[in-house]
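This briefing goes through one structure topic by topic, from its sheet and core to selected single residues. Please keep the sequence and the coordinates at hand while reading.

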Amino acid sequence: MPKFIKRALKWLLGLFILGVVLLVIFILSLDTILRVMVQKNIRAQTGMEAEIGKFHLGLLEPVVTIKNLKLHNPVDFGGTPFLVIPEIHVEYDRAALAANQIHITLLRFNLGELDIVRNAAGKTNLFELGLALPNKAALNRETLNKSKSLDELKQRTGMNFQGVDELRVSFGTAKYIDLADSKNNREQNIGIENTLVKNVKTPADLAGLVLFVALRSDDFFTTLVGPVGLK
């Protein structure tokens, strides 16, 4: 075999090995790259700093797992923690995703801590983010706004929501922090572990879960609403 052919083969073999090495490095680093991207995206969308302990996107199986997610309030709410989420685990229908549809076969959501913060100006982080408290009064609003919520999801993602076959929710503690008067601070253990909700297709399907959280909170959220409560 001519020398130049041998030399060319060596070069090709070397390039192939280099390509394989780079591919392995990319695969091993993919979760880290995605973790940083997700943190930046959360910051851009919400204005809150995000920390993710671990991010995993399955390459061979349709799975996404986020571990130890922490969201911090903006500066005007003292930069205090807002959400501490030990785990978000999603198993999805890959074929449905290819057809621009969101079909989740399993969603495991563990909310370790929710911190409701009222700043010195009297504003509350939940209301500033446009979120609702888990109480009985919120159930009718959820039902009435179910079409609007799904329409907004489609506008943002371009995908149709097909539902969650199995939702498992855990909720640890809720805290109320008054930056103007620490005497108003309080904490409530919700203590929900792996509660199962099946076939979630609209926000109305979460009404039972919302009611369960409200009952487990021992009127914690209800007492925060009022002239001296949340605004």
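Helices here are DSSP runs of H or I with at least four residues, strands are DSSP runs of E with at least two, and both are numbered from the N terminus. In those terms Asn100 lies in the loop between helix H2 (94-98) and E4. The model is a predicted one, and the points below should be read with that in mind.

**The sheet**

- An open sheet is formed by 6 strands in the order E1-E2-E3-E4-E5-E6, with mixed pairing; its edge strands are E1 and E6, each of which pairs on one side only.
- Direction ignored, neighbouring strands of this sheet are turned against each other by 10 degrees on average.
- E5 and E6 run antiparallel and are joined by 10 bridges, and Glu166 has Lys198 in E6 as its bridge partner.
- H6 packs on the sheet, where it touches E5 and E6, and the direction of H6 makes about 160 degrees with that of E6.

**The nonpolar core**

- The largest nonpolar core has 39 residues, of which Leu69, Leu71, Leu114, Leu167, Phe171 and Phe221 touch the most other members.
- At least two residues of this core come from each of helix H1 (3-46), strand E1 (49-57), strand E2 (63-72), strand E3 (81-92), strand E4 (101-118), strand E5 (160-178), strand E6 (186-200) and helix H6 (207-216).
- Leu71, once its neighbours within four places in sequence are left aside, is in contact with Ile42, Met48, Glu49, Ala50, Pro81, Phe82 and Leu83.

**Helix H6 and its two faces**

- The residues Leu209, Val210, Val213 and Ala214 of H6 are buried; because the buried residues of H6 fall within an arc of 140 degrees when seen down its axis, they line one face of the helix.
- Gly208 and Leu215 are exposed residues carried by the face of H6 that is turned away from its buried side.

- The side chain of Thr80 reaches the backbone oxygen of Phe77 at 3.2 Å, and, residues up to four places away in sequence not being counted, Thr80 touches His72, Asn73 and Val117.
- Asp178 has its place in strand E5 and is likewise buried, with a relative accessible area of 5%.
- From Asp178 the side chain reaches the backbone nitrogen of Ala180 at 2.9 Å, while the residues that Asp178 touches, not counting those up to four places away in sequence, are Arg118, Asn184 and Asn185.

**Positive phi angles**

- Most residues other than glycine have a negative phi, which is the background for the next points.
- Asn100 is not a glycine and yet has a positive phi of about 60 degrees; with a relative accessible area of 42%, Asn100 is partly exposed, because that class lies between the limits of 20% and 50%.
- Asn199, whose place is in strand E6, is a residue other than glycine with a positive phi near 55 degrees.

Terms used: Residues numbered from 1 in each chain as written. Predicted model: local features only at pLDDT ≥ 70, side-chain atom pairs only at ≥ 80, totals over all residues. Heavy atoms only, no water. Core = buried A, V, L, I, M, F, W, Y, C linked by side-chain atoms within 4.5 Å. Buried < 20%, exposed > 50% of the residue type's maximum accessible area, 1.4 Å probe, protein only. Contact = heavy atoms within 4.5 Å. Polar contact = N/O pair within 3.5 Å; in protein donor to acceptor, adjacent residues only side chain to side chain. Arc of directions from axis to C-beta. Pairing = 2+ DSSP bridges. Axes fitted to C-alpha atoms, helices over the stretch in contact; angles between N-to-C directions.
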